[in-house]
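Biologist: I am new to this structure. Please show it to me, and then let us look closely at one part.

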Amino acid sequence: GIRMDDDGEEGAFSPEEVKGVINKVLNNCLSQQQFVHSKVAQWVYLIVENCLKELAVMNDDPGKNGEKPKMKYIVNCTLQQKTGAGLQSACVCYWDKATDGYTSVKWESDQMQALCTVFGVVV
């Protein structure tokens, strides 16, 4: 889709780093899982919590963070059984494009699909 924020500007929010975190968490949580409706709430909770933990570590690591300012993060995850139904999401943000941003990862298996979005805003 169209990504207004992923235009390569060197801001405080790093979409590629954040996508790496999201993919790692989604793979760890959902790979090899069969879709079980009763587990969805737990999986979604684990995904957002683990993304936030990884982002907090990245935020506090001077080696990785360098001179970048501290960020506040918002993590959202939608998970559904893969039945052929579409999954579409949109958002709009009013913020400082030079420092703030967001990125999304769509993850799929033969059983389910997830859409995880992370917003990062300079403190």
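Is Glu54 buried, partly exposed or exposed, and what is its relative accessible area?

Modeller: Glu54 is partly exposed, with a relative accessible area of 28%. Buried means under 20% relative accessible area, exposed over 50%, and partly exposed in between, with a 1.4 Å probe and protein chains only. This is a predicted model: local features need pLDDT of at least 70, side-chain atom pairs count only at pLDDT 80 or more, and totals for chains, interfaces and linings use all residues. Residues are numbered from 1 along each chain as its sequence is written, and side-chain values use heavy atoms, with hydrogens and water left out.

Now the partner. Glu54 forms a salt bridge with Lys24. Their closest N and O atoms are 3.1 Å apart. A salt bridge here is a side-chain nitrogen of Lys or Arg within 4 Å of a carboxyl oxygen of Asp or Glu. The pair links distant parts of the chain: Glu54 sits in helix α2 (residues 40-60) and Lys24 in helix α1 (residues 15-30), 30 residues apart. Helices are DSSP runs of H or I with at least four residues, strands are runs of E with at least two, and both are numbered from the N terminus. Lys24 is also partly exposed, at 42%.

Helix α2 holds another partner, Asp60. Asp60 forms a salt bridge with Lys70, with the closest N and O atoms 3.2 Å apart. Lys70 lies in the loop between α3 (62-65) and β1 (71-81). Asp60 is exposed, at 54%, while Lys70 is partly exposed, at 40%.

The whole structure has four salt bridges.
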